[in-house]
Structures are given as C-alpha cells and as structure tokens.
Amino acid sequence: MTIPVNSAAWAGPAHRVVVIGAGFGGLEAARRLGRVPGVAVTVLDRRNHHLFQPLLYQVATAALSLDDIASPVRGILAAESRVEVLMEDVTGIDTHARQVVCHERRVAYDTLVIATGSQPSYFGHDAWEAAAPSLKTLDDALALRQRILTAFEQAAAAEHDAPERDRLLTFVLVGGGPTGVEMAGSIAELARDMLAHDFHRVGGGMRARVVIVEAGPRLLGQFAPGLSARAADDLRGLGVEIRTDTKVTDIQSGTVHLGTEVIRAETIIWTAGVTATPIASWLDVLPAQGGRVQVEPDLRVPEHPGIYVIGDAALALNGVGEPLPGLAPVAKQQGRYVARAIRRRVHGGRAGPSSFSYRDYGTLATIGRGKAVAEFGPVHLRGFMAWVAWAVAHIFFLIGFRNRVLVSAQWMMAYVTHRRGGRVIVQQAPSMPGTGGLNRGCPGLPASRGTPAGCAATAISPSTAVIRCAER
Ligand SMILES: Cc1cc2nc3c(=O)[nH]c(=O)nc-3n(C[C@H](O)[C@H](O)[C@H](O)COP(=O)(O)OP(=O)(O)OC[C@H]3O[C@@H](n4cnc5c(N)ncnc54)[C@H](O)[C@@H]3O)c2cc1C
C-alpha cells in the first residue's frame, strides 16, 4: 500500500520529503522543513517519542522519570502544518521506486533524509548482550532501574549470606566513555544515598561496589588528559573502582571475566560501543567505519543524490578528514544544514555552503552531584563550575518547556535533599535479558533462605534462585 504523502496538509504538487527517525537530527530537519512552502514532510519513527538520550542514565538510576526526557513526536511537530508523523518501523528502501518500505506499507519520496542513529555494538560478542544489557531506549533504562532497585531489596533479604549480598550489590560498567562514567557516578551516589536513608536499619552491613572497566589507558579518552584524570579522581572519591588498560574477556550471566579475574555481579551494563543502524544494506552500499554510511561533504549518499544521511548513521568528515563524532550537536547541526539544502533545491535562491561544517561548542561529562568536566576548546572546567555548565546545557537542549521545568525542579530537589524521586519498583519482574523474568509473582528471595511452602524456586545464577509464590 502506498501512502499519499501529506495529502490533507498540502493542496498543490509538493516536493515530498520523507525523514526517517525523529531523533536529534531528523527532528531538527523536520521542524525546519515544516516552515518551507512547497514542501510536504513525512516523519517516520518506530517510536512515538523523541528521546533525549544524554539523560537516559538518569532514568536508569532513579534520578528522573521517563516522561521527563521523552516527548511525543506528534506533539513536538503539532504546529507544523506541512509535517505529517507516522509511527512506522522502516524495514528497507526501494531506491528505484523512491519509496520507503515499512513492512507491508510504502511511503513515496522525492528527497529522503535518513536519521536512524546507532545501536549498541558488542564487537562480535553478541552473546554478551543477554548478560550485559546496554542503554539506548526508555525500555532499557526502565529495565535497568528495576534491576538496580530490586538488587538492593534482594540484598536486604540476604541478611545471612554475605557473599550473596556482595554479589547483588556489585555493579560493573563495561566502557569508560561518557555514558560509563556518568552511570558509574550516578549508581555510586544512588547506592550511598539509599544505603544511608532507605536501608539504614538493615542489619549485617550492606556495601555497594561499583567497578568501571576500560580497555584504554584512561577514562573519557576524548577529553584532555587533565580532565580525564580529574573525572577518575572524582569517581574514586565516590568509591568507584577504576580498571583501565583492562580488557573484558568474557561475560556470562552474573560474571564478568577480566582475564583470570572473575567479578561476580548482579548488574553488568554495557556502555562500550555503538554501531550504525543497518541502513547501508537498505541502500545497497558498502558500510564504512562503525557500520555507518559514507556521505559526501554535503551529506548526500554518492550513489543516491536524492538521499541524505545524517547523525550517528552517517560517516561525515571534518575539515581535516577525520570522522565527526556521534554526538547530539553534530546530528542537530546536520539536520539544520540538510533542511536549508533541500529548501534551496526546491526554491533556488542564494547559494549556500556546498559542504557541511560542524561547529564544536564543547564537550561535557558529569560525574556526580556538583562534579563534572567540561572542555570548551582551550578552556577546561572542573568541579562545580563544570557541573553548572553541564546542567544549563542539558536543560537548554531538552525539548519542551514542560520537560525543562520538570528536570530543573527534580535536580534542585535532589541537590538539596540527596534523595531521588524515581525509586519506585513498578513491577517485580523486569524482563531483562539474562534474568529469565526476575521475580515475577513475589519479591525474589535468595536461595539460601529456603523455599516457602507453595512457592517454586528457579536458579538464575550459581548462587541465586528466584522464588515465585502463588498467593501470599
Ligand atoms: C546513553 C547515551 C548517552 C548519550 N550521551 C550523549 C551526550 O551526553 N552528549 C551528546 O552529544 N550525545 C550523547 N549521546 C549520543 C547522542 O544521543 C546521539 O549522537 C544522537 O542521538 C544522534 O542523533 P540521531 O538523530 O543520529 O539519532 P537518534 O537521536 O538516535 O534518533 C534515531 C531515531 O531513529 C528511529 N529509528 C531507528 N531505526 C528506525 C527504523 N528502522 N524505523 C523507524 N525509526 C527508526 C529511532 O526510534 C530514533 O527515534 C548519547 C547516546 C546514548 C545512547
């Protein structure tokens, strides 16, 4: 079935632009194109929301709620009368017929903008995904939050089993980039605050262990060495163990192998790498570095001049021939550039820049409450000043007034009270890969406590069983 693009919104023959992906790049392109007369835009995304991924780890660590960092795409684009939004999972592109294929449906285009982003990469160890999930979607963040909070509850119940308690309260982050660092700091602070407030009456001593493993020589490799060192010091101050120059050799359910050393951990999180979504195969071109599609300086695909690829899915080079990083500002600036280029193609007018050039306004990473590092060219900030810059930048880039107010208010409350609002376990059974549906039915009890009458125990690791009970 072919969908007539935007038939309701446009009377005359319009230039049909289809944008795949309502992330940072696609949304920016669609918003700008929505104001161009003679252009009819259709935005396709498999999700109904735009996600602010840089704050995803805060949902996973109970600092923010899911709707603080996500907004419905239809709502964001509601004011743009030339833009239509369809929640569709794109499965391919028929470049000869100029149609986007979404399973059995097809959407026709004159110009196509692909902004489908990236997905986690396990560097050929796909089996590790089950034991070490990554953080990319709201579902991932919620499942992780459930697992982290449930681990504390299970540890509290394991009062006579110290090794089991230690295992439950061990959190391993694989990858020392910004996501790993931010997540490690946030888990360490969550643990410190929860153990001090929510679990202070639990006997037997509960201690959390947070370990970050990085194959390279330092954390935050893309930052200046002085800032990396400061981030490492701040993490150590929060009690995080840092293992640099250390390769993960295997991951199995509940264990991380670092050569001969084995760490037993209930929660293992993969933050080590991403690869582009598989659009190279859709376009029948050779995938470039990281599975991305190599684009011309004007972001068009050499083999398909009517198709632009932007954001994490594109391999675009900077002025000295280096690949641009997979960052939100790169995607946004490319979305803006492409919208201008399409406007010129449709309307002619003043010639614009024939190649995209990225303007780098700086890089930031936060380590915890009042702790961050920021690099603005030669200007390097650390500590509280960097944290303020980080917070202001993130509030500024969040989509929507409501989200900005909600996130600011929650951060202020958390800063003053040391308490996080999202500590509610909404279901006992995060369907996390590797848990086999942890604790559905009743709170999980350590195997060492025995199986109560009317309950059945299922082993989920060598030392833990989940006990499910009919009615309690
Ligand atoms: C946990 C995490 C933390 C990050 N932190 C930072 C940070 O601090 N600073 C920073 O600058 N960058 C950060 N990034 C990177 C940043 O989020 C990306 O660079 C940016 O999102 C890329 O934008 P994009 O438009 O290319 O793709 P995305 O924003 O990922 O959007 C892609 C969209 O395409 C849709 N899509 C994908 N495949 C299909 C399909 N087949 N059919 C339909 N729709 C599809 C997706 O649903 C999604 O909405 C982070 C990323 C992650 C995962």
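Good morning, colleagues. The model is a predicted one, in which local features need pLDDT of at least 70, side-chain atom pairs count only at pLDDT 80 or more, and totals for chains, interfaces and linings use all residues. Residues are numbered from 1 along each chain as its sequence is written.

I begin with the ligand. There are 33 residues around the ligand, and Gly21, Gly23, Gly25, Gly117 and Gly311 come nearest; a residue is near a molecule or strand if its C-beta atom, placed from the backbone, lies within 6 Å of it. Two or more residues of this shell come from each of helix 1 (24–33), strand 3 (39–45), helix 2 (56–60), helix 6 (178–197) and helix 9 (328–347). Helices (H or I, at least four residues) and strands (E, at least two) are DSSP runs, numbered from the N terminus. By residue type, the shell holds 16 nonpolar, 11 polar and six charged residues; Ala, Val, Leu, Ile, Met, Phe, Trp, Tyr, Cys and Pro count as nonpolar, Asp, Glu, Lys and Arg as charged, and the others, Gly among them, as polar. Both domain 1 (2–120 + 274–347) and domain 2 (126–272 + 362–417) give at least three residues to the shell, with domain bounds taken from an automatic or database domain assignment.

Finally, two residues in loops. Which residue has a phi near 45 degrees, a positive value in a residue other than glycine? That residue is Leu220, placed in the loop between strand 13 and helix 7 (225–237). Leu220 counts as buried because it has 25 C-beta neighbours inside 10 Å. Asp284, also not a glycine, has a positive phi of about 60 degrees and is found in the loop between helix 8 (279–283) and strand 20 (293–294). Asp284 is exposed, with 11 other C-beta atoms within 10 Å. The cut-offs are 20 or more other C-beta atoms within 10 Å for buried, 12 or fewer for exposed, and partly exposed in between, with C-beta atoms placed from the backbone.
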